[in-house]
Amino acid sequence: MASPEIDALADALARLPGLGPRSARRAVLHLIKRRETTLVPLLRALEAVSEKLSLCHICGNVDTVDPCGVCADPRRDAKSLCVVEEVADLWALDRTRLFPGRFHVLGGRLSALDGVRPEDLTIDRLVARVGDGGIDEIVLATNATLEGQTTAHYIAERLEAMPVRVTRLAHGLPVGGELDYLDEGTLAQALRARRPIE
Ligand code: ZN
């Protein structure tokens, strides 16, 4: 019914999280109807991000500059570091604006089931960052899943002999809660009530 180009656009949009084939087609129609105000700006934005996209070599955040905006911000407290599983978690926590420090993205969680080992994550790089000195507190903000907890405990063990305070987000959440899906009030509460890891 539609041209191959329009079909390809709908297929590409349908692969985005939260969009199925139906909403992808509705989005395509919207883009076509409002070409100048939606399609053209979207195209420009996609091009700009796609050209400049890079991983921050310090924290693992995704940004269009390296070091990323968070690492380069001089107003951030360099003494405090929040460890998260994924970039989405970093963004979710940063939206609360309640964590004054910097971040470290692990790139996942330890998982015997999926064969994810410590060397598959950026744990060595985290230990090296702490070893470089200047960091007083590590806040482990891995998810409240079994794998997230296992990862937090493993990291706490690796940091045990180092002169750094290791705390854990107070979730008070159902197990399996993923940071990115929490509302900002809940996240803020979890951050304020952080406690030493046992
Ligand atoms: Zn960074």
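This is a predicted model: local features need pLDDT of at least 70, side-chain atom pairs count only at pLDDT 80 or more; totals for chains, interfaces and linings use all residues.
**Reading a zinc site, a pocket and a helix**

Trainee: Which residues coordinate the zinc ion, and through which atoms?

Mentor: Donors are N, O and S atoms within 2.8 Å of the metal (3.2 Å for Na, K and Ca), and sites may look incomplete since water is not among the atoms. In this structure the zinc ion is held through the SG atoms of Cys56, Cys59, Cys68 and Cys71, at 2.3 Å. Along the chain, these donors follow the spacing C-x2-C-x8-C-x2-C. Cys56 sits in the loop between strand 1 (54–55) and strand 2 (62–63), and Cys68 in the loop between strand 2 and helix 4 (69–72), so this pair ties together parts that are 12 residues apart in sequence. Helices (H or I, at least four residues) and strands (E, at least two) are DSSP runs numbered from the N terminus.

Trainee: What geometry does the site of the zinc ion have?

Mentor: Four donors count as tetrahedral if all angles lie between 85 and 135 degrees. The angles among the 4 donor atoms of the zinc ion run from 104 to 115 degrees, and the site is tetrahedral. In the loop that also holds Cys68, the peptide bond from Asp66 to Pro67 deserves a look, for that bond is cis, with omega near 0 degrees. Pro67 is itself found in the loop between strand 2 and helix 4.

Trainee: Which residues line the largest pocket?

Mentor: Rolling a probe the size of a water molecule over the atoms shows where empty space is left. On a 1 Å grid over the protein atoms alone, where a 1.4 Å probe fits, a pocket is an open set of points with protein on both sides within 12 Å along at least five of seven lines, and lining residues have an atom within 4 Å of a point. Here the lining of the largest pocket consists of Leu9, Ala12, Leu13, Leu16, Ala27, Leu31, Leu39, Leu42, Leu43 and Leu46. Helix 1 (4–14), helix 2 (21–33) and helix 3 (35–52) are the elements that give two or more residues to this lining, and helix 3 gives the most, with 4 residues.

Trainee: Where does Ser23 lie?

Mentor: Ser23 is in helix 2, where it counts as partly exposed at 26% relative accessibility. From Ser23 to Val70, 47 residues apart in sequence, the C-alpha to C-alpha distance is 34 Å.

Trainee: Which residues of helix 5 are buried?

Mentor: An α-helix has 3.6 residues a turn, so residues three or four places apart point the same way. In helix 5 (87–96), the buried residues are Val87, Asp89, Leu90, Ala92, Leu93 and Thr96. Their cover includes strand 2, helix 4, strand 3, strand 4 and helix 8 (184–192). Just after helix 5, Arg97 takes a positive phi of about 60 degrees, and Arg97, in the loop between helix 5 and strand 4 (101–105), counts as exposed at 74% relative accessibility.

Trainee: What is Glu85 in contact with, leaving aside its neighbours within four places in sequence?

Mentor: Contact means heavy atoms within 4.5 Å. With those neighbours left aside, Glu85 touches Val105, Leu106, Gly107, Gly108, Arg109, Thr142, Asn143 and Gly148. Glu85 lies in the loop between strand 3 (77–84) and helix 5, and at 0% relative accessibility it is buried. Asp77, in strand 3, is partly exposed, with a relative accessible area of 30%, and its contacts, counted with neighbours within four places left aside, are with Pro100, Gly101 and Arg102.

Trainee: How many helices and strands does the chain have?

Mentor: The chain has 8 helices and 7 strands, and its C-alpha atoms fill a box of roughly 65 × 35 × 35 Å, taken along the principal axes. Of its contacts between residues at least 6 apart in sequence, 56% join residues at least 24 apart.

Note on methods: Residues are numbered from 1 along each chain as its sequence is written. Side-chain values use heavy atoms; hydrogens and water are left out. Four donors count as tetrahedral if all angles lie between 85 and 135 degrees; four count as square planar and six as octahedral if opposite donors are over 155 degrees apart and all others between 65 and 115; anything else is irregular. Buried means under 20% relative accessible area, exposed over 50%, partly exposed in between (1.4 Å probe, protein chains only).
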